[in-house]
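Please view the sequence and the structure before reading on.

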Amino acid sequence: MVFLLQANLKPFFTRKLALGPVVACVLCLGLFAYISSLFYLPGKGFTYLIEFGEREHARYLPQLQAVNHYELKDSGGYDAQYYAQIAMQPHLTDPALQGALDSVPYRARRILLAWTAYALARGDPLWALHIFSVQNIFCWFVLAVLLWRWVPPVGWGNFFRWACLMFCFGLGCSVRGSLTDGPSLLLIACAAALVEAERLWLAALVLGISALARETNLLAGLMLFPVVPGWSATSGRAEQTLDSDAAGGPSQRAGRSRSTWPQVFGLGAVAVAPLIIWLAILHFWLRPPAGASVIPLDLGARNWALPFFGYAGRWRETFTDLGVHGFDLVGRGELLVLVALTAQWLYLVLRPRWSEVWWRIAAPYAVLAVFLGQAVWEGYPGATARVILPLTAAFCLLVPLRRWWILWFIAGNVSLIVSFDNLNPPGRESSVVTGPRSLRIVAATGAVVETHFDDHWFEPEKSWLEYWRWSNGDAGLTFFNPHPYALQADISFGLRANDDRIVGVTMPGRTLWLGRLEKGKLREVTIPNFPLPPGDTHWQFETTTPPVPPGPLDKRPLAFSLRNLRVGLRTLQSTPAAAGTNSR
């Protein structure tokens, strides 16, 4: 890795760089660093990214249960929660670990990131947990630097290639879920750079190691094959493209085609050896039950299907969702991701470029996409965009940026519109209190005006434009006034539901608001001049319609969401304490 970065940066600083694209790259790096920092939770670190599920808490490792970490309320969590526990306790025969994992053989195959976290933590479970949670962020920055080997910021064309890849939908999914796809792309890019540097054996070894993170990484092994079709042993350099801004494609150092058949087989053996050895060790450690001839591996039967069956099913599901829910966040995201992946696949299939290392990397993933099953395509954000991430990388690096090709490039990156939705930071605030500081805070004690949500609300959520909390039915909200005198407040909020329902806001002996929510539409509510006496003031949000789960990937019973709750404070004019205080 150090060799690759040194070899990458040396020509980088000797090239004639363009100031504008360089500044834009730096700003993108800063933007990602800022976004990443928003996922840090005091006392819990970046464990929000791992997506531990509250429903799985009882079966978690004792070491995990003993430390402070973030758990998604009323959720079963996602894949990274299993790999994180292996990082904390990589002894695969431990009964506690076996009870914590959904499938020990399946999860143990992808051991690499768990090993690196455990090694860097020197065996400390707590540090292993926190290191595991940030490995994707670290790999993102290293990949950003390494990609300058192919697309140095010498012009705006290269910048857009680089930025579209670094902020693509699949890579964002990997970072958001602490998954294996982003680090896998980094290792594949390292192997590609080594191939171009004519270090084929080292490239094969790197690719083999990457298979311990994700076994499908071996598909990129086509990069090890000779540049010139026909498996000839001819020497000489293959066709090179010019700089992307001049000729529409990134500069590719294809390497010499010195490979012969024996060398090809040797390189392939080196690439597959680490995974084969590790599977053999797993078979030895995780012996099958008595009388069984093989260990029971969960191969994910629903991950595979007949050609294009999963893809066609994804289109049907997308149009169904658009018909039922309209062009909402999920429907819009499903459609844009499908359009982008389709454009990428068509380009790689219809414009073969064997001499390009990245085309040889992407070609097997184009074949893989054809056979992906319903389990990979279904839901939102789904797994396909990250499973075939090397195909996205090749598309961004190879599409010419001239004439009508620009339209194809835009189509293949149209999912950028929803990419940042994957990187929505965890919700921390459920309300905003405004007004003079003397009203918001009691200077003598430090007590503040605040809101408290009861247990019938789910955890706060947030996008770049709003914040909200879902309820699981009737739910309570309490306003606390720490002052010895009453305050007056203008209270505003929005209500939204996934179906049509009646929602009312009440307090003892009084109905504050009652109205109908239409499916998917935001209903703005303002209650002006509301008195907040000293102490607690309780509101109750009520609905007569039972809660329903929003979809197969989110089983939470959701009734309605309370969005953008704002409390604007003023003192009551009749209160002596208000004398000399400016109202806002």
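**Cavities and aromatic contacts**

The helices α10 (169-177), α16 and α20 (389-398) each supply at least two residues of the lining of the second largest cavity; helices (H or I, at least four residues) and strands (E, at least two) are DSSP runs, numbered from the N terminus. The model is predicted, with local features requiring pLDDT of at least 70 and side-chain atom pairs pLDDT 80 or more, while totals for chains, interfaces and linings use all residues. Residues are numbered from 1 along each chain as its sequence is written, and side-chain values use heavy atoms, with hydrogens and water left out.

**Second largest cavity**

- A cavity is a set of points, on a 1 Å grid over the protein atoms alone, where a 1.4 Å probe fits but cannot get out; lining residues have an atom within 4 Å of a point.
- The volume of the second largest cavity is about 80 Å³, a volume being the space filled by probe spheres set on the points, which are joined across faces, edges and corners.
- Its lining comprises 14 residues, with F169, G170, Q344, T392 and S415 nearest the centre.
- Helix α16 provides the largest share of this lining, 4 residues.
- The lining of the second largest cavity has 8 nonpolar, 6 polar and no charged residues (Ala, Val, Leu, Ile, Met, Phe, Trp, Tyr, Cys and Pro count as nonpolar, Asp, Glu, Lys and Arg as charged, and the others, Gly among them, as polar).

**Largest cavity**

- There are 4 cavities of 30 Å³ or more, and the largest has a volume of about 100 Å³.
- Of the 14 residues lining the largest cavity, R314, V337, W377, G379 and P381 are the closest to its centre.
- Two or more lining residues come from each of α16 (329-350), α18 (374-377) and α19 (384-387), and α16 gives the most, with 4 residues.
- The lining of the largest cavity divides into 9 nonpolar, 3 polar and 2 charged residues.

**Aromatic pairs**

- The model has 40 aromatic pairs, in which rings of Phe, Tyr and Trp (its six-membered ring) have centres within 6.5 Å; planes under 30 degrees apart count as stacked, over 60 as edge-to-face and the rest as tilted.
- F479 and W539 form an edge-to-face pair, because their ring centres are 4.8 Å apart and their planes lie at 75°.
- This pair links distant parts of the chain, F479 in strand β7 (residues 475-481) and W539 in strand β12 (residues 535-543), 60 residues apart.
- F479 is buried at 3% relative accessible area, and W539 is buried at 0% (buried means under 20%, with a 1.4 Å probe and protein chains only).
- One aromatic cluster consists of F453, W457, F479, F493, F530, W539, F541 and F560.

Key:
On a 1 Å grid over the protein atoms alone, a cavity is a set of points where a 1.4 Å probe fits but cannot get out, and a pocket is an open set with protein on both sides within 12 Å along at least five of seven lines; lining residues have an atom within 4 Å of a point. Buried means under 20% relative accessible area, exposed over 50%, partly exposed in between (1.4 Å probe, protein chains only).
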